[in-house]
Amino acid sequence: MFDTASILLVSDAAGSSSYQLTGGHVAALSSPATSVRINLTQFDLNEIRALSDLAVDIDSTNIIYSAEFVRDMAGNSIAALNLPTVLAATHFEADDIAPTLTEFGLDLE
């Protein structure tokens, strides 16, 4: 079981810039799930993109997490990972999609 809201995305070991995830989906990349991929919510993606120094490259993409992040089949929690120790990203794909306007409003009063 995974609780993505217990993940804090941090830019570095000092936590200079950070963002607390609000949700997302965890997909196992192996069986047993020793490697996972976290698919972020659109809300979290937009909030992270608004930060100029977080998750802009592989070096600024790290996480820490509380003990609630993962529980095994017996209900045992993972040991929390706290600053200054971070788990660094092993893969990074830059956002290369240009923004688009999806709607607008006009109030003439």
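Tyr 65 is found in strand 5, where strands are DSSP runs of E with at least two residues and helices are runs of H or I with at least four residues, both numbered from the N terminus. The structure is a predicted model, in which local features need pLDDT of at least 70 and side-chain atom pairs count only at pLDDT 80 or more, while totals for chains, interfaces and linings use all residues. Residues are numbered from 1 along each chain as its sequence is written, and side-chain values use heavy atoms, with hydrogens and water left out.

With a relative accessible area of 14%, Tyr 65 is buried; buried denotes under 20% relative accessible area, exposed over 50%, and partly exposed the range in between, for a 1.4 Å probe and protein chains only. Apart from neighbours within four places in sequence, Tyr 65 is in contact with Ser 6, Ile 7, Ile 78, Ala 79, Ala 80, Leu 81, Asn 82 and Leu 87, a contact being heavy atoms within 4.5 Å. A separation of 9.0 Å is found between the C-alpha atoms of Tyr 65 and Ala 5, which are 60 residues apart along the chain.

Aromatic rings were examined next. Rings of Phe, Tyr and Trp (its six-membered ring) pair if their centres lie within 6.5 Å, and planes under 30 degrees apart count as stacked, over 60 as edge-to-face and the rest as tilted. The count by this rule is two aromatic pairs. One of them is the tilted pair of Phe 2 and Phe 69, with 6.1 Å from centre to centre and 55° between the planes. Phe 2 lies in the segment before strand 1 (7-10) and Phe 69 in the loop between strand 5 and strand 6 (87-88), so this pair ties together parts that are 67 residues apart in sequence. The rings of Tyr 65 and Phe 69 have centres 5.2 Å apart and planes at 40°, and the pair is therefore tilted.

The strands were then considered as a sheet. Strands of a sheet pair through backbone hydrogen bonds, either parallel or antiparallel. Here, an open sheet of four strands has the order 2-1-5-6, with antiparallel pairing; two strands pair if DSSP finds at least two bridges between them. Strand 2 and strand 6 each have a single partner strand and stand at the edges, so one side of each is left without a neighbour in the sheet. Helix 1 packs on the sheet by touching strand 1 and strand 2, and its direction makes about 165° with that of strand 2. For this angle, axes are lines fitted to C-alpha atoms, for helices over the stretch in contact, and angles run from 0 to 180 degrees between N-to-C directions.

Strand 1 is joined to strand 5 by four bridges, the two running antiparallel, and Leu 8 stands opposite Ile 64 of strand 5. Strand 1 also runs antiparallel to strand 2 (residues 18-20), to which three bridges join it; Ser 18 in strand 2 is the bridge partner of Val 10. Strand 1 is covered on both faces, with Ile 7 and Leu 9 buried on one side and Leu 8 and Val 10 buried on the other.

Val 10 is also among the contacts of Ser 60, which, beyond neighbours within four places in sequence, include Ser 11, Asp 53, Leu 54 and Ala 55. Ser 60 is placed in the loop between helix 1 (42-49) and strand 5 (62-65), and counts as buried at 8% relative accessibility.

Overall, the protein chain contains one helix and six strands, in the sequence pattern β-β-β-β-α-β-β. The radius of gyration of the protein chain is 16 Å, well over the 13 Å that the globule rule gives for 109 residues, so the chain is more spread out than a compact globule; the radius is taken over C-alpha atoms, and the rule is 2.2 Å times the number of residues to the power 0.38. Of the 109 residues, 22% count as buried.
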